[in-house]
Amino acid sequence: MTARPVRPRHLLPWLVMGVLLVTAFTVSSRRDSRPETTQARVKRVASEVRCPTCRQLSAAESDAPAAEAVRVAIAQRVEQGESDKEIRGFLVSTYGDDILLKPGGSGVAGLVWALPVAAFVCALAGLAIAFRRWHRAEAGPTADDRALVERALAGLPPSAGSSGNEGPG
């Protein structure tokens, strides 16, 4: 078996697509070189925590007094130079784990991340097994089908149990 020569004309679309992907990833991964303002950082951290009273909104979106208190506490800690992790740790120690909009990745909270992935993998495996079974299940003729064909080829009438009108149509 001889290998076919690679023609540059067939390689060009793949090369162009590769260059475009690398360019897109490079542009999208570049961060703004300017430092984040205090107000922007407070808003970002507040958007990661839940409003203590209304529960369905983040502290950044809510107008409740408790959400305002959370934003003030975040602003004070940002000005003191604490990291985002330290600020979230303070809020968790004050309000409990439910204050975080994103559950942690370990323990029972890790199930929130793992269960959808596991369900998706199981669904794909189930579909693969079902398709494989459907593909393998070749419906061959039964003994009754063979007997009916033999009788028809011999010119005999169908057996007593059938009316002769069976079949498509």
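Author: Happy to. Let's start with R88, which forms a salt bridge with E48; their closest N and O atoms are 2.8 Å apart. This pair links distant parts of the chain, since R88 belongs to helix 4 and E48 to the loop between helix 2 and helix 3, with 40 residues separating them. Please keep in mind that this is a predicted model.

How covered are these two partners? R88 has a relative accessible area of 25%, so it is partly exposed. E48, with a relative accessible area of 27%, is partly exposed as well. Both values fall between the 20% below which a residue counts as buried and the 50% above which it counts as exposed.

Helix 4 also holds the next residue to look at, D84. It forms a salt bridge with R44, and here the closest N and O atoms are 2.6 Å apart. Again the pair links distant parts of the chain: D84 lies in helix 4 (residues 84-95) and R44 in helix 2 (residues 38-46), 40 residues apart. R44, by contrast, has a relative accessible area of 29%, so it is partly exposed.

The side chains of E68 and R71 meet in a salt bridge, at 2.6 Å from N to O. Both residues lie in helix 3, three residues apart, which is about one turn of the helix. E68 has 39% relative accessibility and so counts as partly exposed.

To put these pairs in context, a search of the whole structure finds five salt bridges.

For a contrast with the charged pairs, have a look at the nonpolar patch on the surface. V117, F120, V121, L124, L127, F131 and W134 form it, with about 770 Å² of accessible area together. One of these residues, V121, lies in helix 5 (residues 111-136). At 48% relative accessibility, V121 counts as partly exposed, because exposed would require over 50%.

Conventions. Residues are numbered from 1 along each chain as its sequence is written. This is a predicted model: local features need pLDDT of at least 70, side-chain atom pairs count only at pLDDT 80 or more; totals for chains, interfaces and linings use all residues. Side-chain values use heavy atoms; hydrogens and water are left out. Patches are made of residues with over 30% relative accessible area and no salt bridge: like charges are joined within 9 Å, nonpolar side chains (Val, Leu, Ile, Met, Phe, Trp, Tyr) within 5 Å. Accessible areas come from the Shrake-Rupley method with a 1.4 Å probe; for residues, only the protein chains shown count as cover. A salt bridge is a side-chain nitrogen of Lys or Arg within 4 Å of a carboxyl oxygen of Asp or Glu. Helices (H or I, at least four residues) and strands (E, at least two) are DSSP runs, numbered from the N terminus. Buried means under 20% relative accessible area, exposed over 50%, partly exposed in between (1.4 Å probe, protein chains only).
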